[in-house]
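Notebook open, viewer open. I'm jotting down what I look up as I go.

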Amino acid sequence: MSKTRIVLVTLAVAAIAALGTRYWLLQRQQELPDGLVSSNGRIEADQIDVAAKLGGRVRAVSVREGDLVSPGQVVARVDDAELQALRAKYLADLAGQEASVLEAKAMVLQRRAELALKEADLQRSLQLVKTGAVSQQNRDRAQSERDAAMAILEATEKNVIARERAIEAAKALVDQVDTQIADTVLQMPVQGRVLYRLANPGEVVGAGGKILTIVDLSEIYMEIYLPADQAIRVAVGSQARIQLDGIDFAVPARVSFVSPEAQFTPKQVETRSERDKLVFRVKLRVPPSLVARHIEQVKTGARGTGYVRLGPNPPDWPAALQKRSPGDPLEAVD
């Protein structure tokens, strides 16, 4: 058989397969009762970049691509040697400030004793002036010394307050560096799976440098696109179904979002509408409890079909969409 003939036969088989697939899709759409609509889509999840808040050398990355990670799990560390040295300096400064406060408080006690002595001298001078035993000049001198002692005491007390504020500032610096040290330990905020490992131990990353990209498995959904005459009848909270390719059961879901704006149909999504028609994006959310039950089997990017019941009096689900994985609920309850 010639090469040209082989190519022609291959193209013909591909064309027949494409027509057969389109015919099957149209037939499945036509088999749905009125009040049920469907559209192709794929399982999606949000991606989270785990990044270093401060620049530095990556000391350790404890997970690999494909690993399942849990909330609070330490996934990477950035070297904190410089921060630890800075913390030691701030602690030494703090100790010095605390010692200076003790010294200033001791000085206050001394100045209070001096003021008490000057106050007693003044009172004696006032009594002796009345009898003429002490001159008015001596009385004025005692008054001046008492006033000076009072002013010195006031200044000494304010010095204590200033040094106490310095202690607060020194503690704030220690707390700040402690927060920075804590930021060198990168923990997972959600349950997810490692999609990309972007940095390895020994590499230097800048502030905000990405180390890992995580797929957030706490929020799993399928996005489908419906024409306006269908989307306008979809209510947020409506029951939905997701049927993945190659699986003979349906996954219960709920409509969590209906876009308020129309858009052109994405190329990767097939609908009954023509490509030049506008459609609305609809998000079908899988309950987190169901995701947790099948966490090891969850695969983002898996393709399938999403089904939605239209209000206000939707029909029952067809028998094919009532099949469940063993133990799964009939409806989305989260």
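Predicted model: local features only at pLDDT ≥ 70, side-chain atom pairs only at ≥ 80, totals over all residues.

Which residue in β5 does Val 74 stand opposite? I looked, and Val 74 faces Gln 187 there.

**Entry 1**

β4 and β5 pair in the antiparallel sense, over three bridges. β4 covers residues 74-78 and also pairs with β2, again antiparallel and over three bridges.

Then I went on to β2, residues 56-61, which pairs with β7 in the antiparallel sense over two bridges. Here Arg 57 stands opposite Val 204 of β7.

Put together, I get an open sheet of four strands, ordered β5-β4-β2-β7, with antiparallel pairing. The edges are β5 (185-187) and β7 (204-205), each of which pairs on one side only. Reminder for when I look at the side chains: in a regular strand they alternate between the two faces of the sheet.

**Entry 1: the helix pair**

How do α2 and α3 pack, and at what angle? I read about 165 degrees, with the axes 7 Å apart. α2 runs over residues 81-131 and α3 over residues 136-183. Over 145 degrees counts as roughly antiparallel, so that is what I wrote down for α2 and α3. The crossing of α2 past α3 is left-handed.

Is Leu 86 buried or partly exposed? Its relative accessible area is 30%, so I have Leu 86 down as partly exposed. I also took a C-alpha distance: Leu 86 and Val 177 are 91 residues apart along the chain, and their C-alpha atoms are separated by 7.5 Å.

In soluble globular proteins, nonpolar side chains tend to be buried together. The largest one here has 27 residues, and Ile 220, Ile 242, Leu 284 and Val 308 have the most contacts inside it. Two or more residues each come from β1 (36-51), β8 (210-227), β9 (239-244), β10 (251-264), β11 (278-286) and α5 (288-293). β8 gives the most, with six residues.

There's a second, separate core of 18 residues, and Val 50, Val 61, Leu 186 and Met 188 are among them.

Back to Ile 242: what does it touch, leaving aside neighbours within four places in sequence? I listed Ile 43, Met 222, Phe 249, Ala 250, Val 251, Ala 253, Leu 284, Val 286 and Thr 305.

**Entry 2: Ser 325**

Phe 249 came up again when I checked Ser 325, which touches Phe 249 and His 294, not counting residues up to four places away in sequence. Ser 325 sits in the segment after β12 (303-309). Its relative accessibility is 11%, so Ser 325 counts as buried.

**Entry 3: overall tallies**

I left the totals for last. I have five helices and twelve strands for the protein. The protein has 334 residues, and buried ones make up 34% of them. Of the contacts between residues at least 6 apart in sequence, 77% join residues at least 24 apart.

Note on methods: Residues numbered from 1 in each chain as written. Heavy atoms only, no water. Pairing = 2+ DSSP bridges. Core = buried A, V, L, I, M, F, W, Y, C linked by side-chain atoms within 4.5 Å. Buried < 20%, exposed > 50% of the residue type's maximum accessible area, 1.4 Å probe, protein only. Contact = heavy atoms within 4.5 Å. Axes fitted to C-alpha atoms, helices over the stretch in contact; angles between N-to-C directions. Parallel < 35°, antiparallel > 145°, perpendicular 65-115°, else oblique. Left-handed = near helix turned anticlockwise from the far one by under 90°.
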